[in-house]
Amino acid sequence: MTLRLRTTLTTLALALGMLAGLGVMRSEALPIFGRDRKLPCSTCHMAFPRLNQMGMHYKQNGYRMPGEKGTSPWEQDHYPIAVIGLAIALVNVLLIFVIPVFADMFRDFGAKLPAPTQMLIDASEFLKSWWWAVGLALYGAFFVLNRFVATPNGRRAKDNFLVRAPVFGNLVHKIALSRFCRTYATLIRSGVPILRTLEIVAAASGKTQIEEACVQIAKHVSSGGQVSEVMASNEFFPPMMKHMVKAGESTGNVDGMMNKVADFYDVECESIIASLTSLIEPMLIVFLGIVVGGMVMAMFLPIFQMGAVAGGMQ
């Protein structure tokens with residue numbers, strides 16, 4: 001489970017508790033569920049303790065709210081961000097301030113420079129002269145990408161990309177499944193109607209795949225079908241989860257099965273995070289060494305060939 005998941009569930013718990021006093025909870029999530037559906041006050045009082053227990057479960061397993069002391073695997077992403085930021089800063093400093101000094105010195109030699117050195121000097125001169133154009137281009141690309149992601153098609157494309165990403169896709173997929181199962185099980189065990197549960201799960205999922213699946217499940221359940229029948233034809237849900245949900249429907253223990261699936265994916269996510277953390281650190285060090293070291297070697301390559309370069313002056 002991610003830090004964002006814990007924050008979402010805590011916010012959901014507080015919202016349910018406050019709306020319990022009003023006796024009404026209006027939907028703003030998906031039009032398919034309607035905007036004027038109401039959740040009885042008694043249901044809110046039943047759901048709030050279960051959500052509180054969920055928060056205690058996360059806290060006992062090492063998850064912390066923002067501002068709390070301690071370190072979890074999710075808090076270790078500061079290291080790769082810091083390394084990547086340092087690499088970008090070093091590259092910019094070398095290109096804008098250091099390389100032009102070497103370029104002036106090499107220009108006085110009058111000899112042809114090695115290809116890596118010449119390419120680096122050309123990149124430095126371009127960045128020094130057109131840095132504002134590069135900044136505007138990056139800002140424009142970021143703005144257009146954000147506008148595209150804000151559209152339904154863009155959001156769907158983003159979620160599909162994240163789930164199918166080579167390295168982190170499997171982790172994102174399992175986190176989404178764990179969030180779906182945990183929230184669904186908690187609300188069903190609390191006595192929330194299944195259609196209302198699907199609405200809340202869709203809003204809390206943060207993934208278009210789950211939102212669309214919840215809409216399909218809600219339509220199918222409204223016509224007398226079962227949840228497992230829709231999951232069986234949806235590729236987003238893995239076979240193990242489909243079988244567990246079907247077994248839970250057969251035994252009348254869907255919430256228990258969903259909790260077990262969520263626990264399983266929590267363990268899987270922790271294992272993936274531990275593996276990625278142990279691999280990212282040396283990979284970032286190698287990346288930083290190749291980038292900065294390659295630039296330094298390219299600038300000192302003409303000095304190593306000083307005899308040939310100086311010969312061009314005669």
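Leaving aside neighbours within four places in sequence, which residues is M231 in contact with? Hold that for a minute. First, the ground rules.

This is a predicted model, in which local features need pLDDT of at least 70, side-chain atom pairs count only at pLDDT 80 or more, and totals for chains, interfaces and linings use all residues. Residues are numbered from 1 along each chain as its sequence is written, and side-chain values use heavy atoms, with hydrogens and water left out.

Now the overview. The protein has twelve helices and zero strands. Of the 314 residues, 38% are buried. Buried means under 20% relative accessible area, exposed means over 50%, and partly exposed is in between, with a 1.4 Å probe and protein chains only. The protein exposes about 17700 Å², and carbon and sulfur atoms supply 67% of that. Those areas come from the Shrake-Rupley method with a 1.4 Å probe; for residues, only the protein chains shown count as cover. Next, contacts, meaning heavy atoms within 4.5 Å. Take those between residues at least 6 apart in sequence: 69% join residues at least 24 apart.

Back to M231. Its partners are F180, F237, M241, K242, V245 and M258. M231 also belongs to the largest nonpolar core, which has 31 residues. F180, M231, F237, M241 and M258 have the most contacts inside that core. Helices 6, 7, 8, 9, 10 and 11 each give two or more residues to this core. Helix 6 gives the most, with seven residues. A second, separate core has 20 residues, including A87, L113, L284 and M299. For both, a nonpolar core is a set of buried Ala, Val, Leu, Ile, Met, Phe, Trp, Tyr and Cys residues joined through side-chain atoms within 4.5 Å.

On to helix 3, residues 78–109. Its 32 residues should span 46 Å at 1.5 Å a residue, and the end C-alpha atoms are 45 Å apart, which agrees. The expected span is 1.5 Å times one less than the number of residues. Still, helix 3 has a kink of about 45° at I99, shortly before the proline P100. That bend is the angle between axes fitted to the seven residues ending there and the seven starting there. Buried residues of helix 3 include P80, V83, A87, F102 and F106. I81, also in helix 3, is exposed, with a relative accessible area of 57%. The C-alpha atoms of I81 and L284 are separated by 9.8 Å, yet the two are 203 residues apart along the chain.

Helix 4 next. How far apart are its end C-alpha atoms? Only 43 Å for 36 residues, short of the 52 Å that a straight helix would reach. Look at W130: helix 4 bends there by about 80°. T117, L120, I121, S124 and L127 are buried in helix 4. Helix 3 and helix 11 are among the elements that cover them. T117 counts as buried at 0% relative accessibility. Leaving aside neighbours within four places in sequence, T117 is in contact with F106, A298, M299, L301 and P302.

Helix 5 covers residues 152–164. Its 13 residues reach 18 Å from first C-alpha to last, close to the 18 Å expected. G154, D159 and V163 are buried. They cover an arc of only 165° around the axis, which puts them on the same side of helix 5. The arc is that of the directions from the helix axis to the C-beta atoms. N153, F161 and R164 are exposed on the other side. Cover for the buried residues of helix 5 includes helix 4, helix 6 and helix 8.

Two last stops. L198 lies in helix 7, and is buried at 0% relative accessible area. Q305 sits in the loop between helix 11 and helix 12. At 37% relative accessibility, Q305 counts as partly exposed. The C-alpha atoms of Q305 and P114, 191 residues apart along the chain, are separated by 9.3 Å.

Methods: Helix = DSSP H or I, 4+ residues; strand = E, 2+ residues; numbered from the N terminus.
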